[in-house]
Amino acid sequence: MQVLYFAWVRERIGLPREEIETTAATVNDLVAELRAREDRYDVAFADTSALRVALDQELVEFDAPLAGVREVAFFPPMTGG
Amino acid sequence: MIRVQAMPFDAGGELNVFSKSVEGAGAVVSFTGVVRDVSGGLSAMEIEHYPGMTEKALGAIRADAMQRWQLVDALVIHRFGRLDAGEVIMMVATASRHRKDAFEAAEFLMDFLKSRAPFWKKEVTTDGADWVVSRDEDEAALKRW
């Protein structure tokens with residue numbers, strides 16, 4: 001699946017998007033997988049209460065299932081307007 | 001109508017076009033957001049967004065407003081990219097038969113696009129650049145609707 005990062009999450013991880021092969025069942029599982037990869041992921045995902053996640057461009061909670069999802073996006077709370 | 005663009009726009013001109021298109025509505029309300037000049041010298045605002053989701057989220061918020069209030073039309077224009085102090089960031093305009101619907105719907109649109117549309121602002125000052133942090137009040141503002 002495509003994993004996208006925005007704002008300071010993108011800056012901390014160091015890239016805007018990447019293709020990830022995963023068998024993670026939920027967003028939380030995917031986060032745990034990413035954190036185990038490298039320090040920069042571990043730092044970016046240290047506090048998921050400071051993050052938001054969207055699956056195929058719809059906001060969801062971190063316990064949402066990933067089955068059939070093509071695009072996951074992680075970002076801080078939005079600051080539009 | 002929803003527009004997400006990097007290009008500057010003339011809020012006054014857009015409002016005139018909108019008002020003309022809803023002629024006879026009776027009430028038109030608009031809000032314009034401008035890059036403020038903070039002490040310490042703001043040199044620019046950088047606005048990042050999530051192409052695709054931004055349009056979807058704004059469309060859904062607008063559709064929700066159209067359903068909740070008796071609106072003739074609602075307009076949302078939001079920019080992204082690098083903006084200088086004093087530049088227009090975004091505008092909303094609503095039109096209805098009576099002012100209450102137009103006022104409330106405009107506030108609703110602002111509240112939701114502040115924390116439910118995927119935009120992230122970064123303030124660039126002479127001291128460096130910092131992401132704007134969302135405020136608890138913005139989240140709390142959604143609960144009244």
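Hi everyone, let's start with strand S3 of chain A, residues 52-55: Arg52(A) and Ala54(A) make up its covered face, while Val53(A) and Leu55(A) lie on the uncovered one. Strands here are DSSP runs of E with at least two residues, helices are runs of H or I with at least four, and both are numbered from the N terminus.

A quick word on the source: this is a predicted model, where local features need pLDDT of at least 70 and side-chain atom pairs count only at pLDDT 80 or more, while totals for chains, interfaces and linings use all residues. Residues are numbered from 1 along each chain as its sequence is written, with chains lettered from A and ligands numbered from 1 in the order in which they are written.

Now, which strands pair with S3(A)? Strand S5 of chain A, residues 71-75, pairs with it in the antiparallel sense over 4 bridges, and pairing takes at least two DSSP bridges. In that pair, Ala54(A) sits opposite Ala73(A). Strand S4 of chain A, residues 58-60, is also antiparallel to S3(A), over 3 bridges, and there Val53(A) faces Val60(A). S3(A) and S4(A) form a hairpin with 2 residues between them, and Asp56(A) in the turn has a positive phi of about 45 degrees.

Over to chain B. Helix H2(B), residues 53-68, packs against helix H3(B), residues 99-115, at an angle of about 155 degrees, with axes 10 Å apart. The axes are lines fitted to C-alpha atoms over the stretch in contact, and angles between N-to-C directions run from 0 to 180 degrees. So H2(B) is roughly antiparallel to H3(B), the word for angles over 145 degrees.

Conventions: Buried ≥ 20, exposed ≤ 12 C-beta atoms within 10 Å, placed from the backbone. Parallel < 35°, antiparallel > 145°, perpendicular 65-115°, else oblique.
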